[in-house]
Structures are given as structure tokens and as C-alpha cells.
Amino acid sequence: MLHYLIMTRSLTYAQRAARLLERAGITAAVIKAPQSVSVNGCAYCVSVSYKHGPRAVKLLDEADLRSGRIFLQEADGTLREAKL
Amino acid sequence: MIYLDSAATSLLKPAAVPRAVSRAIRTLASPGRGGHAPAMEAAKAVYDCRCAAAELFDVPEPERVVFTMNATHGLNIAIRSLVRPGDRVVISGYEHNSVTRALKAVGADIRIARSPLFNGPATVAAFRERLAGASAAVCTHVSNVFGFVLPIYEIAALCRAYGVPLIVDASQSAGCADVDFRALDPAFIAMPGHKGLLGPQGTGLLLCGQAGVPLLCGGTGSDSKRQEMPDFLPDRLEAGTHNVAGIAGLSEGIRYVLDRTPQRIGAHERDLTALAAGELEDVPGLEIFNGPEQAGVLSVRHTALDCETLCARLGERGVAVRGGLHCAPTAHETVGTLDTGTVRLSFSPFSTRAETVKACRILRRAAGGDFS
């Protein structure tokens with residue numbers, strides 16, 4: 001299943017982002033970001049379903065809770081950068 | 001035992017606090033490190049506490065709530081963030097050593113805005129006279145010795161008018177008075193987690209109006225490739241593993257306060273302070289420091305008995321109070337009790353009228369040396 005990984009500044013920002021999305025009816029999980037996409041080392045991101053990606057990004061941008069890039073993760077774990 | 005030393009620490013806690021601590025020790029790992037379930041559960045517990053504190057103190061974003069070991073830790077971060085050697089810093093005449101020693105260690109030029117006890121307007125005037133040209137101001141909300149509620153909102157407004165960043169010491173007001181971050185608009189507010197917030201010892205909060213300068217550097221679970229501390233809160237000021245068990249307990253303490261409200265808790269404690277002052281007013285040789293702007297802290301002293309002797313007599317009769325200078329010589333100097341110290345009675349949400357009256361009767365007899 002396809003998921004978007006939305007990078008955030010820190011764990012706390014990821015938690016805040018996930019709560020915001022949950023309140024908006026979007027299921028979101030806070031997970032450790034894959035090292036291959038973490039520019040400065042360890043980081044956390046928010047995972048949302050493919051269907052909710054564009055709306056989630058819009059909501060997080062409005063709340064200034066997104067930091068950096070967005071990735072699309074395939075079911076096999078493959079990652080590629082996404083532009084939303 | 002009648003515990004009237006809540007200004008030192010809240011011995012009595014809501015039952016949920018020790019339960020949460022016990023559960024956390026058994027089930028929660030380190031937040032912001034691993035991605036496994038016990039680590040993420042710990043992260044949730046820590047974030048829940050941040051959010052509860054943000055709600056209680058009206059902090060706009062939870063990341064501005066930083067966990068510390070105690071109020072002293074938070075005050076040291078705040079002072080190190082704002083004050084450089086030689087900087088002029090205005091403080092009230094009721095500050096604790098956690099402020100004055102930290103300022104002295106930095107090499108600050110300390111200006112004390114002394115004012116008479118329980119005189120709010122004079123306190124504001126004393127700050128007004130000294131703020132021009134100051135680099136920072138530090139003010140306690142409530143005196144830990146005398147319970148004097150300082151006019152912190154007026155002082156905060158003055159600081160804004162003079163462009164002077166303000167550090168608020170909410171050690172004795174958090175949980176039992178209105179501490180509104182948004183309204184105060186301070187540089188920092190420091191507080192313990194184990195007093196009015198009813199959490200475990202080893203917990204504290206620093207509410208941040210700015211990013212601050214780290215007192216400790218180390219791992220944060222973020223920006224790991226960089227050798228500088230992160231520039232974002234709370235990570236910037238939270239190096240090292242969190243006191244997760246303590247924070248889980250603190251979370252329950254804050255929930256208790258949110259449920260009861262600081263206003264109701266404060267009213268209860270003020271009621272007991274007034275009750276104790278009334279019960280003790282005619283005890284021969286006893287001087288009582290009470291006034292209109294007073295929280296749940298009452299100091300007394302005896303003309304003939306050393307305060308520690310009086311405390312010891314009370315302790316022998318099952319009344320726990322604190323004597324001495326309460327780590328606040330500045331406050332004692334302001335009031336004129338530096339040479340004698342005082343005996344301090346301090347109340348909590350769990351203190352009752354009946355035990356307050358009983359403690360006062362024991363104090364009356366102890367002051368007269370009558371234990372027959």
C-alpha cells in the first residue's frame with residue numbers, strides 16, 4: 001500500500017502534525033524517518049495514506065508544521081520523492 | 001502526620017500520579033530515540049504532558065514547553081540565555097537563591113527592586129524605577145517564604161514597555177494561581193513539577209518565549225549529524241534521556257489541576273492561610289506575616305524561640321513545617337527576618353481545615369513550651 005512520508009522538524013512537531021491531521025479526519029502515524037531521506041541524521045515524519053497525502057500536506061503547510069521533503073513509500077519499502 | 005510543607009514539595013499526590021510513575025517504569029522506553037512501540041508510547045506520554053501543560057498555562061505551541069529537572073534548572077537555562085557578565089538585571093526583593101546565585105555565577109549586575117511585604121503597588125513602582133537600561137528582569141510570582149503574591153502581570157507589562165525580557169519564577173504559583181503565558185508574554189517561565197503541579201520530584205517545566213541557550217548539550221534524537229544543538233524547541237533545551245516516569249506522573253498531576261482549576265485550588269489554600277493566621281493571632285510572642293495578597297504560604301516567628309526549635313517541637317508532635325531561611329535570604333533581608341528566619345506553614349489541595357486548626361493548636365502549645 002502506498003504511503004506518503006511527510007518530513008517534520010522533530011518528534012514533537014511530528015506528534016503535533018499527527019494530532020492536527022487526526023482532528024481533520026486523516027489517519028496519521030508518527031514514525032522514525034528512514035535514514036536515507038533524513039538530511040541531518042535521525043528524524044521523525046508523519047505517515048499518511050496515498051489518498052490523503054495532498055490534503056494532509058496542505059493542512060500541515062497551513063500550520064507551518066512541515067519541514068523539508070515528502071516521500072512516497074511503496075509497499076516494498078521503496079522510497080521516491082514526491083511533489084504535492 | 002499533618003503535612004504543611006507543600007511549598008518545599010507536594011508530599012501528598014493524586015493517586016493517579018504514583019500509578020502513572022509505576023506504569024511508566026515498567027512499560028515506557030526512551031522517547032525520540034527508537035521507533036519501536038515502547039519508545040513511541042513513551043513519546044506519546046511525554047507529548048501528552050507537554051500538551052496538558054500548554055493547556056494549563058495557555059502556551060500557544062506545545063514545543064514551547066520544555067522539561068527540566070526542577071525550577072532551578074529552568075531558571076538557570078533562562079538566566080544563561082539572557083544574561084552576560086556585567087549585564088544589569090532587575091529582580092524583586094523576594095527572589096530565591098535559584099535566581100540570585102545563578103545571576104551571581106553569570107556575573108550579573110543585580111539591582112534589587114525591594115518593596116514592603118504585601119504591597120503590590122510599591123513593588124511595581126520599585127521595578128519601574130530600575131528597569132530603564134536593564135538587560136533582563138527576574139520576578140517570582142509568589143514569595144516562597146511569605147506567600148506574597150507579586151503583581152506579576154503589571155510587572156510583565158512594565159517590562160514590555162521598557163523592552164526588557166522577563167523571567168518569571170512560578171515555583172509557588174504554578175497549579176494554584178493564574179499563570180497565563182500568553183498574557184504575561186515573558187522570555188521564560190520556570191516552575192517545578194513537584195509542588196503545585198503535584199508531580200514527582202525531579203520534574204520541572206520551562207515555558208519558552210524564545211529558543212534559549214542550552215545548559216546541557218548532547219543527544220536529542222534529532223539532527224544527529226550536526227554537532228551543534230538543534231535550533232528548534234523543545235530539542236534545543238532537552239539534551240539526554242527524559243525523566244519519562246517523572247513526566248508520566250507529572251502529566252497526571254497537571255490533569256488533576258486542570259480538573260480542579262488553579263483558581264479553586266488557590267482559593268482553598270488562601271482560605272487555609274487565613275484560617276491559620278486567625279488561629280495564631282493571639283499566641284503570645286508570635287509574629288505572623290500575613291496580608292491581603294497572600295497565597296497558601298504563611299510565615300511566623302517567635303520572639304524567644306529559635307525557628308528551628310519551634311519546627312522541631314512541631315515535628316515531634318506530627319506537624320511537618322519548615323524553618324530557617326528557605327533558600328531565600330533576599331526575601332528575609334527585605335522583610336527584616338534574615339537574622340532569625342521564620343517557621344513556614346504551606347498548604348496544598350489536600351490540606352484540610354481540621355488539620356490546619358489542629359496544627360495551629362499544637363503550634364500554640366509548642367510556642368508556650370507546653371506539651372503536658
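In strand S13 of chain B, B:Arg344 has B:Arg322 standing opposite. The structure is a predicted model, in which local features need pLDDT of at least 70 and side-chain atom pairs count only at pLDDT 80 or more, while totals for chains, interfaces and linings use all residues. Residues are numbered from 1 along each chain as its sequence is written, and chains are lettered from A and ligands numbered from 1 in the order in which they are written. Helices (H or I, at least four residues) and strands (E, at least two) are DSSP runs, numbered from the N terminus.

Strand S12 (residues 322-324) of chain B runs antiparallel to S13(B), with three bridges between them; two strands are taken to pair if DSSP finds at least two bridges between them. An antiparallel pairing also joins S10(B) to S13(B), over four bridges, and in this pairing B:Ser299 has B:Arg344 as its bridge partner in S13(B). S13(B) is mostly covered, five of its five residues being buried. A residue is called buried if 20 or more other C-beta atoms lie within 10 Å of its own, exposed if 12 or fewer, and partly exposed in between, with C-beta atoms placed from the backbone. In a regular strand the side chains alternate between the two faces of the sheet. Accordingly, B:Thr342, B:Arg344 and B:Ser346 point one way from S13(B), whereas B:Val343 and B:Leu345 point the other way, and all are buried.

Chain B is divided into domain 1 (2-10 + 262-367) and domain 2 (16-260), with bounds that come from an automatic or database domain assignment. The C-alpha centres of the two domains of chain B lie 26 Å apart. Between them, 32 residues of domain 1 of chain B are in contact with 31 residues of domain 2 of chain B, contact being defined as C-beta atoms, placed from the backbone, within 7 Å. On the side of domain 1 of chain B that touches domain 2 of chain B, at least two residues are supplied by each of H9, S10, helix H11 (329-335) and S13 of chain B. H9(B) provides the largest share of this side, seven residues. By class, this side of domain 1 of chain B has 13 nonpolar, 15 polar and four charged residues; Ala, Val, Leu, Ile, Met, Phe, Trp, Tyr, Cys and Pro count as nonpolar, Asp, Glu, Lys and Arg as charged, and the others, Gly among them, as polar.

Helix H9 (residues 262-280) of chain B has 19 residues and should span 27 Å at 1.5 Å a residue, which agrees with the 27 Å between its end C-alpha atoms. The expected span of a helix is 1.5 Å times one less than its number of residues. Buried residues of H9(B) include B:Ile265, B:His268, B:Glu269, B:Leu272 and B:Ala276. An α-helix has 3.6 residues a turn, so residues three or four places apart point the same way. The cover over the buried residues of H9(B) includes helix H8 (244-260), strand S9 (286-289), strand S10 (297-302), strand S13 (342-346) and helix H12 (353-367) of chain B.

The largest nonpolar core comprises 145 residues, and B:Ala137 and B:Ile167 have the most contacts inside it. Such a core is a set of buried Ala, Val, Leu, Ile, Met, Phe, Trp, Tyr and Cys residues joined through C-beta atoms within 7 Å. Helix H2 (residues 37-57) of chain B contributes the largest share of this core, 13 residues. Domain 1 and domain 2 of chain B each give this core at least three residues. Beyond its neighbours within four places in sequence, B:Ala137 is in contact with residues including B:Val89, B:Phe127, B:Cys159 and B:Leu166.

B:Leu82 belongs to helix H3 (residues 71-82) of chain B. B:Leu82 is buried because 24 other C-beta atoms lie within 10 Å. The C-alpha atoms of B:Leu82 and B:Gly212 are 7.8 Å apart, although 130 residues separate the two along the chain.

The contact between the chains takes 19 residues from chain B and 14 residues from chain A. On the chain B side, these are eight nonpolar, five polar and six charged residues.

Most residues other than glycine have a negative phi, and most peptide bonds are trans. A cis peptide bond, with omega about 0 degrees, joins B:Leu233 and B:Pro234, and B:Pro234 lies in the loop between strand S8 (204-208) and H8 of chain B. A:Asp64 has a positive phi, near 55 degrees, and is exposed, with 10 other C-beta atoms within 10 Å. B:Asp185 likewise has a positive phi, of about 50 degrees, but is partly exposed, with 13 other C-beta atoms within 10 Å.

Key. Contact = placed C-beta atoms within 7 Å.
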